[in-house]
Amino acid sequence: MIEPRLKPGRFWLLTAAGMAALFGVWTIAALSGITSRTFLPTPWDVLMRLMQLSVQPFVGHVLHEHLLSSLQRFGLGFLLAVCVGIPLALLMAWFRWVDRLMSPLFETVRFIAPIAWVPFAALWFGTGIGGPVLIIFMGAFPPVLINTYRGAKHVDRKYIEAAQTLGAGSFRTMTQVLLPAAVPSIVAGLRISAGLGWQSLVGAELIVASSGVGYLMVKGQAAVSTATVMSGMIAIGAIGVLIDVSLRRAQQAIEARRGA
Amino acid sequence: MRVTTGSRNVFNTLGTVTAAIIVLLLVWHAATAGTGLVSPARFPAPLEVASALEQIAVEGYSNGRWHEHVLRSVLLVTMGFIFSSSIGVVLGLAMGASRKIEAFVNPIFLLLRPIPPLAWIPLAIVWLGLGDAAKIMVIFVAAFVPSVINSYTGVRQIEKPIFEAAAMLDVSGWRYWREVLIPGAMPSIFTGLRLSLQAAWTTLVAAELIGAIAGLGQILNQAAQDIFPAMIMVGMLSVALCGWLMTLALGWIEARATPWRAR
């Protein structure tokens, strides 16, 4: 039998112990002098570096400017994935020939890791904005397409038949029957997409970019400044959580409105 | 009308898939080599890709022949994945089974989980350089989190009557793990392993792209520097093929590990 829940006191005690163990081991390892502090900084050093980065420019920009340029790329790539993915998925769900034509292509492309597009991104766009956007697109596109397609395929046939009896053409069936019915599934897909897109962006910026958090980390790496690299990791994690939380809010709001 | 019927449908699908691939190849050929609509400096023609594949398979490219690059990447991923996910699954099961372990470990996870695996690459390079050690570190991180989380939720999703039956039959100790927890969590464990494998593979390719001596990511990196689009394509298709084959292999193992599940 799974044990009953712990009492709040014990739970928080163990939680605190877990955190203390993590930060304790880290601090002791950093202070023990096995390696230099630049190589393994203490948690405190990382925090100070994070503060410093947000006032003092590093590789041309302060932290929030790097974040802003990352977010801009992310927004563009994500938007593009949504604008292409949803209509294409509706077409695939409605017209069988589109499905048969696109499915094999999509299945092949899906198995290519988004990051493997980096060489083509560099070849086509140089270090411009197009490269990272392409890679985010490749990361964010599959979940949007798959979820929209599944949602549209699971529409109750009665609704489609009713709409057609009432004289709705293909376009109106897709936009007024399939699309609304697929919304919960689409929103779930968007959350996965945003997560994958954000991850791909980080990867892209490590290789093809001249600003952004990923670029900041690469430069930190080149300068063997572990604290800078870790500050980048913290910033990336925090923004990732923020994106996910806001999309979850949106998802809950939509579900509440639909009475689900 | 959309009617799906047993075996005829399989041949039907197979036929259309083949047709779609042929159409795709023809369109690709026509757009690149045929009409020159897409410049060969931007996107390679199918025949160029074939000759690039021949070049790398016979003469070698970027410090090795094709099978050497593939073997290196696949071996690294397989080793890192097995190492990481076996620790991850055990930890996840322990977290699922014990509230105390859960309370102790979970906050550490909540902190580390939002950091994407790719973001560990610069840290791995600072600490361990460009060799295999850094690759194993990033594969470990990438594969660890999904296997822990899914094993943990797997245990928590086991239905109550199963625990009650186990308690009634006085199953405990090693038998409790082997006959209750592990089989009960198995479907979820495999979901986690699949995610782990994908994350490990993507992360390795990215790490090799940033710096490596050999491997599929290194082919991509070298081809990008040489501005050799056909070889880039060969690298990408190889990444996709290996990822697909490894996922298939894992599915095969899953089918054998959970024979009671109807397929």
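The legends below describe close-up views of a predicted model. Residues are numbered from 1 along each chain as its sequence is written, and chains are lettered from A, and ligands numbered from 1, in the order in which they are written. In this predicted model, local features need pLDDT of at least 70, side-chain atom pairs count only at pLDDT 80 or more, and totals for chains, interfaces and linings use all residues, while side-chain values use heavy atoms, with hydrogens and water left out.

**View 1. Helices α3 and α4 of chain B.** Helix α3 (residues 66-97) of chain B packs against helix α4 (residues 99-112) of chain B at an angle of about 125°, their axes lying 6 Å apart. Helices are DSSP runs of H or I with at least four residues, numbered from the N terminus; axes are lines fitted to C-alpha atoms over the stretch in contact, and angles run from 0 to 180 degrees between N-to-C directions. The angle therefore makes α3(B) oblique to α4(B), a class left after roughly parallel (under 35 degrees), roughly antiparallel (over 145) and roughly perpendicular (65 to 115). On the α3(B) side, Leu91(B), Ala94(B), Met95(B) and Ala97(B) meet residues of α4(B) that include Ile101(B), Val105(B) and Phe109(B), contact meaning heavy atoms within 4.5 Å. The contact comprises 7 nonpolar, 1 polar and 2 charged residues; Ala, Val, Leu, Ile, Met, Phe, Trp, Tyr, Cys and Pro count as nonpolar, Asp, Glu, Lys and Arg as charged, and the others, Gly among them, as polar.

View 2. Arg99(B) and Glu102(B) are joined by a salt bridge, with the closest N and O atoms 3.9 Å apart. A salt bridge requires a side-chain nitrogen of Lys or Arg within 4 Å of a carboxyl oxygen of Asp or Glu. Both residues lie in helix α4 of chain B, 3 residues apart, or about one turn of the helix. Over all chains, the structure holds 11 salt bridges.

**View 3. Helices α5 and α6 of chain B.** Helix α5 (residues 121-128) of chain B and helix α6 (residues 132-156) of chain B pack at an angle of about 145°, with 9 Å between their axes. Ile121(B), Leu123(B), Ala124(B), Trp127(B) and Leu128(B) of α5(B) meet Ala133(B), Ala134(B), Met137(B) and Val138(B) of α6(B). By class, this contact has 9 nonpolar, no polar and no charged residues.

**View 4. The contact between chains B and A.** In this interface, 57 residues of chain B are in contact with 53 residues of chain A. The buried area is about 5,100 Å², of which carbon and sulfur atoms give 77%; this is the accessible area (1.4 Å probe) that the two parts lose on being put together, summed over both. Between chain B and chain A, the count is 0 salt bridges.

How values were computed
Helices (H or I, at least four residues) and strands (E, at least two) are DSSP runs, numbered from the N terminus.
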